[in-house]
Amino acid sequence: MTVRFEGIANLERIYAELGVKAQAFIPAALFQEAEVVMKASKSLVPADTRVLLGSGHVSLPGRTGGGWSVKFGYGGAAQKYAVIQHEADDYHHNVGQAHYLSEPFEAAAPTLEAALIARLKGIM
């Protein structure tokens with residue numbers, strides 16, 4: 001899943017509201033917003049053995065072309081299990097559910113730009 005804030009219009013809007021110095025704080029804000037989604041996700045992860053729950057991670061921000069990216073998800077040694085548990089709608093989960101990462105991500109996506117701006121205001 002990917003959310004992109006592209007184009008000069010988005011940058012101009014952020015810079016008009018916060019100033020060009022906001023650029024230095026964007027990686028931290030992205031990381032913190034990814035952590036918010038991950039926290040919401042962890043309450044939905046199937047937890048029969050807790051291995052999957054323990055594999056949740058948020059990477060440090062990295063440069064991608066002219067911008068930044070943050071990757072987050074579940075897996076590591078539990079990668080195949082993570083995909084099966086996430087996608088299988090027909091599994092019965094005593095604890096947790098399918099789509100444990102996509103649902104919190106999709107819930108956050110419509111307000112992500114506003115959340116990033118608010119977070120930038122708070123850390124600048």
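This is a predicted model: local features need pLDDT of at least 70, side-chain atom pairs count only at pLDDT 80 or more; totals for chains, interfaces and linings use all residues.
Trainee: What makes up the secondary structure of the protein, and which pattern does the protein follow along the sequence?

Mentor: The secondary structure comes to six helices and four strands, and, read along the sequence, the pattern is α-α-α-β-β-β-β-α-α-α.

Trainee: How do you know that the span of helix H2 agrees with its number of residues?

Mentor: Helix H2 covers residues 26–42, which is 17 residues, and at 1.5 Å a residue these should span 24 Å; the end C-alpha atoms are 24 Å apart, so the two values agree.

Trainee: Why is Ser 41 called buried?

Mentor: Buried means under 20% relative accessible area, and Ser 41 has a relative accessible area of 0%, so Ser 41 is buried. Ser 41 lies in helix H2, whose buried residues also include Ile 26, Leu 30, Val 37 and Met 38.

Trainee: What covers the buried residues of H2?

Mentor: The cover includes strand S1 (57–58), strand S3 (67–69) and strand S4 (72–73), together with helix H5 (102–108) and helix H6 (112–123). For Ser 41 itself, leaving aside its neighbours within four places in sequence, the residues in contact are Tyr 74, Tyr 100, Leu 101 and Pro 104.

Trainee: What makes the pairing of the side chains of Ser 41 and Tyr 74 a polar contact?

Mentor: A polar contact needs a pair of N or O atoms within 3.5 Å, and the one joining these two side chains is 2.9 Å, so the distance meets that cut-off.

Methods:
Residues are numbered from 1 along each chain as its sequence is written. Side-chain values use heavy atoms; hydrogens and water are left out. Helices (H or I, at least four residues) and strands (E, at least two) are DSSP runs, numbered from the N terminus. The expected span of a helix is 1.5 Å times one less than its number of residues. Buried means under 20% relative accessible area, exposed over 50%, partly exposed in between (1.4 Å probe, protein chains only). Contact means heavy atoms within 4.5 Å. A polar contact is a pair of N or O atoms within 3.5 Å; within protein, one must be able to donate a hydrogen and the other to accept it, and residues adjacent in sequence count only if both atoms are side-chain atoms.
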